[in-house]
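Welcome to a short tour through your viewer. Open the model, get your selection tool ready, and follow along stop by stop.

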Amino acid sequence: MTAAPAAGPRADATSLEELAELVDEGDVVVLSGAGLSTDSGIPDYRGVTGTLRRHTPMTYQTFTRDPRGRHRYWARSFVGWRQIRGARPNAGHRAVGDLQAAGLLGGVITQNVDGLHQAGGARDVVELHGGLDRTVCLNCGDVASRAGLDERLQEANPGFGPRVDEVNPDGDAELPDAVLDGFVMVGCLVCGEQALKPDVVFFGETVPRDRVDQCFELVDAAGSLLVLGSSLTVMSGYRFVLRAAKLGIPVAIVNAGPTRGDAKADVRLDAPLGEVLPALATRLAR
Ligand SMILES: [Zn+2]
């Protein structure tokens with residue numbers, strides 16, 4: 001009898017070795033998704049709107065055409081913001097920052113809107129779907145800080161929010177429509193219109209063309225593309241994997257669970273980012 005091929009941890013160790021060799025060649029462009037932030041307590045939202053996840057993701061069409069839908073979005077977001085604001089970068093975010101500081105990265109593209117890459121030390125992060133830390137006015141285009149909006153909302157809504165018994169263990173809360181309708185929204189600081197939108201890309205909305213082009217430029221110049229914590233179900237991210245594969249640029253994917261890009265991947269680790277990334281940074285960046 002011949003020995004069976006090593007499985008389990010041995011296979012993972014082999015892949016980590018392959019991943020380390022690839023990353024060590026440098027010019028790595030990172031494409032990260034929600035899986036990178038779950039260790040920071042941010043639920044794996046089914047969308048990028050930053051509302052609480054039990055709800056159907058807000059679409060751009062509803063947000064812009066349905067004033068009541070928009071009002072309820074902001075009421076839920078006002079509550080959900082506590083969780084986003086309190087989140088801290090995890091070991092995976094810090095490892096990406098370390099790899100970048102070591103000169104190994106050619107760029108960081110994220111599908112996440114939580115700002116945790118930057119908080120974890122990464123620079124020049126391209127926020128593909130925007131960021132929850134700011135708002136944009138649909139009327140006059142003014143971009144303003146979400147923290148500043150939160151202060152104004154707190155003044156306008158003292159005591160608004162779920163009772164303690166309405167919050168479930170992961171911080172989600174279901175507020176009755178009557179409560180949501182009692183929320184007081186404020187207007188744009190510049191034009192006064194009730195037209196504020198979080199500066200994130202909703203479902204049904206396209207990523208701004210110049211931002212997409214910026215990402216394509218990064219990918220085109222990459223030594224390799226490293227996908228972290230994304231199942232790549234959304235084309236806005238998957239297209240960069242297709243681009244890299246088409247150009248013959250090696251693709252590595254680290255994600256817990258299968259991804260749409262697995263068939264395109266040269267290196268594939270189905271493992272927790274909280275283990276793989278610190279191990280990688282320890283090998284290469286310290
Ligand atoms: Zn305005």
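Start by selecting β4, the element that gives the most to the lining of the second largest pocket, with 4 residues. Strands are DSSP runs of E with at least two residues, helices runs of H or I with at least four, numbered from the N terminus. This is a predicted model, where local features need pLDDT of at least 70 and side-chain atom pairs 80 or more, while totals for chains, interfaces and linings use all residues. Residues are numbered from 1 along each chain, and side-chain values use heavy atoms, leaving out hydrogens and water.

The pocket's volume is about 180 Å³. Of its 14 lining residues, W81, D114, G115, L132 and D133 are the closest to its centre. (A pocket is an open set of points on a 1 Å grid where a 1.4 Å probe fits, with protein on both sides within 12 Å along at least five of seven lines; lining residues have an atom within 4 Å of a point.)

Next, select the zinc ion. Which residues hold its protein donors? They are C137, C140, C188 and C191, each through SG, 2.3 to 2.4 Å away. (Donors are N, O and S atoms within 2.8 Å of the metal, or 3.2 Å for Na, K and Ca.) The site is tetrahedral, with angles of 106 to 116°; for four donors, that label requires all angles between 85 and 135 degrees.

Finally, compare two of these cysteines. C137 is buried at 3% relative accessible area, whereas C140 is partly exposed at 37%. Buried means under 20%, exposed over 50%, and partly exposed in between, using a 1.4 Å probe on protein chains only.

Key
Four donors count as tetrahedral if all angles lie between 85 and 135 degrees; four count as square planar and six as octahedral if opposite donors are over 155 degrees apart and all others between 65 and 115; anything else is irregular. Grid points are joined across faces, edges and corners, and a volume is the space filled by probe spheres set on the points.
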